[in-house]
Amino acid sequence: MAELTTLESLLEMGFGRNRAEKAVANTGNQGIEQAMDWLMEHENDPDIDEPYVPPVLGGEADSQTSAEQPTAGDTGDTGEVIAEGDDMDGDNPEGSKQPMTEEEKREQVKRLEELMRMKQAERRERERAEEVEREKQRRRQGQELQQIRQKIQDDEMKKLADQRRKEKMEDKLARQRVKDKIARDREERAQKFGGGAPSSTATSSQPTPPSPSSPSGQGPPPTKREYDESRIQVRLLDGSTINTVFKAQEPLAAVRVYVQMNSSTPEGQDFTLLSPYPRHVYTEMDMEKPLKELGLVPSAVLVVTKK
């Protein structure tokens, strides 16, 4: 009667017969707890409510056994069946054949329902713990992604700083080449005028001719001339760059307007400009200042950032 007791218990708890039969069969009739665990794990199976089909092997023996057991249960009150039970089960067949009273059934169902609630609570707790672990994993991945983005941004800033230093070095080398050329020209003119003198008197008077060339002899001042234009390179939010030339006296606001008209920045999105090296974020007051006053002449690199 162990199998019937498990099956009846599941039916009393409200489980469908197909589900109860599958639970008893798939757990090998090891008890109500194993059957309940199986039902909780397979409650979402698409075929859970389909009729239970016994395995092909041993099917005849199972059907014969199941046919005999209901017969014994149905006719347990007759004297003949009890006599047969005496031959098979021993001296007290009625102890194992006697059905449960309604009160005992209710008590057993109550215990099983309490067990079911405990199982469900354990399952919810396990699912909650798994959800917490998934959330921790998601946060760790988010932090790693943020670190990667920060590293990429830092690398971009370093690249801009290196480019700025390279441009300054190129400007310095260009000025040095101009100085060297002026010095060579001055030396060539001195040699030319000095070698063509007919007499020592003329030779002694030759140092004066270089005086007209003295303005050109002062090579460094022309290199420090006042620039009236500025070449601006702007790095946009998507990593692309645009280049253009502005007048030295134009305000920084002109650069901002140019960026708005020539970039893919969404209309209405506010942004600001900064100089990466040395780092300086330009404010609204800086927008009215000329590029020359802000030190952005003869060239500069600016970066667009969100406000």
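Me: What volume does the largest cavity have?

Reply: This is a predicted model, so keep that in mind throughout. The largest cavity comes to about 30 Å³, and the structure holds one cavity of 30 Å³ or more.

Me: Which residues line the largest cavity?

Reply: The lining is made by Glu167, Arg231, Ile232, Gln233, Asn243, Ser299, Ala300 and Val301. If you think in elements, β1 (229-235) and β5 (299-306) are the ones that give two or more residues to that lining.

Me: Now the aromatics. How many aromatic pairs are there?

Reply: Here's the general idea: a pair of aromatic rings is described by the distance of the centres and the angle of the planes. In this structure the count is one aromatic pair. It is made by Phe246 and Tyr258, with ring centres 5.8 Å apart and planes at 90°, so we call the pair edge-to-face. Planes over 60 degrees apart get that label.

Me: Where in the chain do Phe246 and Tyr258 sit?

Reply: Phe246 belongs to strand β2 (residues 241-247) and Tyr258 to helix α11 (residues 252-262); the two are 12 residues apart, and the pair links distant parts of the chain.

Me: Is Phe246 buried or exposed?

Reply: The cut-off for buried is under 20% relative accessible area. Phe246 has 7% relative accessibility, so it counts as buried.

Me: Which charged ends sit over a ring?

Reply: Take Arg165 to begin with: its charged end is over the ring of Tyr277, 5.4 Å from the centre. Then there's Arg256, which lies over the face of Phe271, with 5.4 Å to the ring centre.

Me: What is the mean pLDDT of the protein chain?

Reply: The mean is 76, with 73% of residues reaching 70 or more. Over residues 59-95, though, pLDDT is below 50, and that stretch has 11 contacts in the model beyond near neighbours in sequence. Residues 213-217 also stay under 50, with five contacts beyond four places in sequence.

Methods: Residues numbered from 1 in each chain as written. Predicted model: local features only at pLDDT ≥ 70, side-chain atom pairs only at ≥ 80, totals over all residues. Heavy atoms only, no water. Phe/Tyr/Trp six-rings, centres within 6.5 Å; stacked < 30°, edge-to-face > 60°. Helix = DSSP H or I, 4+ residues; strand = E, 2+ residues; numbered from the N terminus. Buried < 20%, exposed > 50% of the residue type's maximum accessible area, 1.4 Å probe, protein only. Lys NZ or Arg CZ within 6 Å of the ring centre and 35° of its normal. pLDDT = per-residue confidence, 0-100. Contact = heavy atoms within 4.5 Å. 1 Å grid on protein atoms, 1.4 Å probe; cavity = no way out; pocket = protein on both sides within 12 Å on 5 of 7 lines; lining within 4 Å. Points joined across faces, edges and corners; volume = space filled by probe spheres on them.
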